[in-house]
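Have the structure open while you read.

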Amino acid sequence: MKLIPAIDLKDKQCVRLQKGKLENIEVFNNDPLAQARLFKNEGCERIHIVDLDGAFGAEGINTETILNIRKNIDLPIELGGGIRNEEDISFWINHGIDYLILGSISINKKHLVLQAIEKYSNKIYIALDVLNEKVMISGWAEESQLTPNDIFKIYNDSPIKGYILTDVARDGMLEGLNFELIKQLISNTKKNIIVGGGLAHYSDIEILKQNFSKSNIEGFIAGKSLYSGCIDIVKAMNLLNYKKD
C-alpha cells in the first residue's frame with residue numbers, strides 16, 4: 001500500500017482547497033518542483049498532481065510547471081485536472097506522465113475514454129469524486145447523474161489501471177478517511193483503488209493497514225495532512241512497514 005503525496009497546482013503554486021472550493025484556497029509552496037523533490041527525498045515512490053486551473057477550465061497555466069517536475073523528478077507521476085479530449089491524453093502520456101486520472105471526460109465522453117484505455121492499457125485511472133452518493137464533475141462544481149456503481153459498470157471490464165476514490169465532503173478538512181464509503185465501494189470492483197479525501201491522523205493509516213491491507217486498495221493520497229504537519233512521511237511509512245513494490 002503506497003502513501004502518495006499530492007501536489008495541487010493553482011497559478012503555478014502548491015495549494016490546498018477545502019471540499020474543492022476555490023474560495024477556500026491556501027498556498028503552501030510557491031515552488032512545486034522543490035516540493036516534489038522534498039517528497040522524493042523523503043522516500044515517496046509516486047506523486048499525485050492535480051491541475052486545478054485546468055479542472056476549472058483555465059488551460060495551460062500549469063503545463064510548464066508539470067513538465068518541469070516530470071523532467072527533474074524520476075518518480076512515477078499520476079496527473080488529473082483539465083484532461084478533456086484525446087489530444088490532452090496523448091500529450092501527457094507522450095510527455096512522460098505515467099498515469100492519467102480522468103474525471104469529467106469519463107462521464108461526458110465515455111466512448112472516447114474507452115478507446116483511450118484500450119490504446120493506453122493500464123495508464124488510466126477513472127476518478128470517483130463522490131458527494132451525496134453521486135460522482136462530481138467539472139472541478140467538483142457539477143453533480144453528474146451517475147453513482148460510483150454506475151461508473152463501475154462502464155469501466156470494470158476495461159484495462160484501466162484503477163480508480164481514484166475521493167470523498168469530496170472531507171477533502172482538505174482533516175476529518176479522517178470515510179471508511180464506510182471505502183468499504184462499500186471496494187467490494188464492487190476488482191480493479192485497484194487509491195483513496196483520498198480527509199486523511200488526518202496516523203490512526204487513518206493504522207485502520208488502512210489493519211483492515212484493508214489484503215484488499216484492492218493500492219494506496220492513499222496525502223495532501224493537507226502532510227502540508228499542515230499532521231502526518232510525517234517517514235513516520236507514516238514506518239507505520240506501514242513500508243517496502244517498495
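## How the helix angles work

Helix axes here are lines fitted to C-alpha atoms over the stretch in contact, and angles run from 0 to 180 degrees between N-to-C directions. Keep in mind that this is a predicted model.

## Helices α4 and α6

Start with α4 (residues 86-94) and α6 (residues 110-119): their axes sit 10 Å apart, at an angle of about 25°. Angles under 35 degrees count as roughly parallel, so α4 is roughly parallel to α6. The crossing of α4 past α6 is right-handed.

On the α4 side, the contact uses Glu 86, Ile 89 and Ser 90, and α6 brings Leu 112, Ala 116 and Lys 119. Sorted by class, that's three nonpolar, one polar and two charged residues.

## Helices α1 and α3

Next up is α1 with α3 (residues 63-72), where the axes come within 9 Å and cross at roughly 35°. This crossing is right-handed.

Pro 32, Leu 33, Ala 36 and Arg 37 of α1 meet Thr 65, Asn 68, Ile 69 and Asn 72 of α3. The class tally for this contact is four nonpolar, three polar and one charged.

## Arg 46

Is Arg 46 buried or exposed? Its relative accessibility is 3%, and buried means under 20%, so Arg 46 counts as buried. You'll find Arg 46 in the loop between α1 (32-41) and β4 (47-51).

The Arg 46 side chain makes a polar contact of 2.9 Å with the side chain of Tyr 125, and another of 2.9 Å with that of Glu 218. Arg 46 also touches residues including Lys 2, Pro 76, Tyr 99 and Ile 194.

Note on methods:
Residues are numbered from 1 along each chain as its sequence is written. This is a predicted model: local features need pLDDT of at least 70, side-chain atom pairs count only at pLDDT 80 or more; totals for chains, interfaces and linings use all residues. Side-chain values use heavy atoms; hydrogens and water are left out. Helices (H or I, at least four residues) and strands (E, at least two) are DSSP runs, numbered from the N terminus. Buried means under 20% relative accessible area, exposed over 50%, partly exposed in between (1.4 Å probe, protein chains only). A polar contact is a pair of N or O atoms within 3.5 Å; within protein, one must be able to donate a hydrogen and the other to accept it, and residues adjacent in sequence count only if both atoms are side-chain atoms. Contact means heavy atoms within 4.5 Å. A crossing is left-handed if the near helix is turned anticlockwise from the far one by less than a right angle, and right-handed if clockwise. Ala, Val, Leu, Ile, Met, Phe, Trp, Tyr, Cys and Pro count as nonpolar, Asp, Glu, Lys and Arg as charged, and the others, Gly among them, as polar. Angles under 35 degrees count as roughly parallel, over 145 as roughly antiparallel, 65 to 115 as roughly perpendicular and the rest as oblique. Lists of a residue's contacts leave out its neighbours within four places in sequence.
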